[in-house]
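Open your viewer and load the model. This tour goes stop by stop, telling you what to select and what to look for.

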Amino acid sequence: TQEDIKTLKDDWLTDNVIAFWEEYLEREHLAHFRGAQIVLLRPSMSFMLIQTPNPLTLRDALPDFSKTTHIFLPINDCRNPSVAEGGSHWSLLVVSVVDGVAFHYDSLHPANREEAIATTKKLGTLLNKELQFLDLPDSPQQENSSDCGVFVCVEMRHLLMKKLLLAHNKQKINMSMGGKNLDASRGRKEMLSVIEEFRKEGERRIS
């Protein structure tokens, strides 16, 4: 929506913007790696996971993780499920199912640590697998109060494109984002450009 696009200019990103970015990464990048078993879980699904007392009841609502190697989960600090677009901070949890490790990237470290740990435990129950939680305090840090969602989207693309999809079979991957300079303003412009391209493509198809 136009409201979602407005948030990309200088505000806190909505669930819809992050979900759109995940769909873009799937369609334009992940789809070219047919052997990849990587799941980009939508913000609504991540939130449902942390809010549900028994995650096993979500099996039918979530993707089949039986062959999945990695799961990306946007984490939100909203505690009230009745509030639409609630919360005030995003972070990123990347779970390596094959290694049994959950990597947490928080641009206002350690703001979302509790939510990330709780999500890791719920996902471990769902996968029937012990997951080690690994907080990464050297992750790039934001300089204001509104760039957290942009950091999540840019980090998601970097970890997917520059690390996981470039790795050879059974190669150990350094999942740290330490030392990585992240330009949130540039990230916002790139995301707006992608949305504009999709809009033009949609108009061409209609005409």
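Keep it in mind for two of the stops. Remember too that this is a predicted model.

**Stop 1: the whole chain**

Show the protein chain as a cartoon. Follow the chain from the N terminus, and the elements run α-α-β-α-β-β-β-α-β-α-α. The C-alpha atoms fill a box of roughly 50 × 40 × 40 Å along the principal axes. How does the radius of gyration compare with that of a compact globule? For 207 residues, such a globule would have a value near 17 Å, and the protein chain has 17 Å, so the two agree. Buried residues make up 49% of the 207 residues. Now think about contacts between residues at least 6 apart in sequence. Of these, 68% join residues at least 24 apart.

**Stop 2: H2 and H5**

Select residues 15-28, helix H2, and residues 148-164, helix H5. Their axes come within 10 Å and cross at roughly 15°. Are H2 and H5 roughly parallel or roughly antiparallel? The angle is under the 35-degree cut-off, so H2 and H5 are roughly parallel. Their crossing is right-handed.

Next, show side chains. From H2, pick Ile 18, Trp 21, Glu 22 and Leu 25. They meet Gly 149, Cys 153, Met 156, Arg 157 and Leu 160 in H5. By class, this contact has six nonpolar, one polar and two charged residues.

**Stop 3: H1 and H6**

Move to helix H1, residues 2-10, and helix H6, residues 184-206. Here the axes come within 8 Å and cross at roughly 150°. H1 and H6 are therefore roughly antiparallel to each other. H1 passes H6 in a left-handed crossing.

Which residues make the contact? On H1, select Ile 5, Thr 7, Leu 8, Lys 9 and Asp 10. Sorted by class, the contact of H1 with H6 has five nonpolar residues, one polar and three charged.

**Stop 4: Glu 115**

Finish on a single residue. Select Glu 115 in helix H4, residues 113-127. Is Glu 115 buried or exposed? Its relative accessibility is 6%, so Glu 115 counts as buried. Now display its surroundings. Leaving aside neighbours within four places in sequence, Glu 115 touches Ile 50, Ile 75, Asn 76, Asp 77 and Arg 79.

How values were computed: Residues numbered from 1 in each chain as written. Predicted model: local features only at pLDDT ≥ 70, side-chain atom pairs only at ≥ 80, totals over all residues. Heavy atoms only, no water. Axes fitted to C-alpha atoms, helices over the stretch in contact; angles between N-to-C directions. Helix = DSSP H or I, 4+ residues; strand = E, 2+ residues; numbered from the N terminus. Parallel < 35°, antiparallel > 145°, perpendicular 65-115°, else oblique. Left-handed = near helix turned anticlockwise from the far one by under 90°. Contact = heavy atoms within 4.5 Å. Nonpolar A, V, L, I, M, F, W, Y, C, P; charged D, E, K, R; others polar. Rg over C-alpha atoms; globule rule 2.2 N^0.38 Å. Buried < 20%, exposed > 50% of the residue type's maximum accessible area, 1.4 Å probe, protein only.
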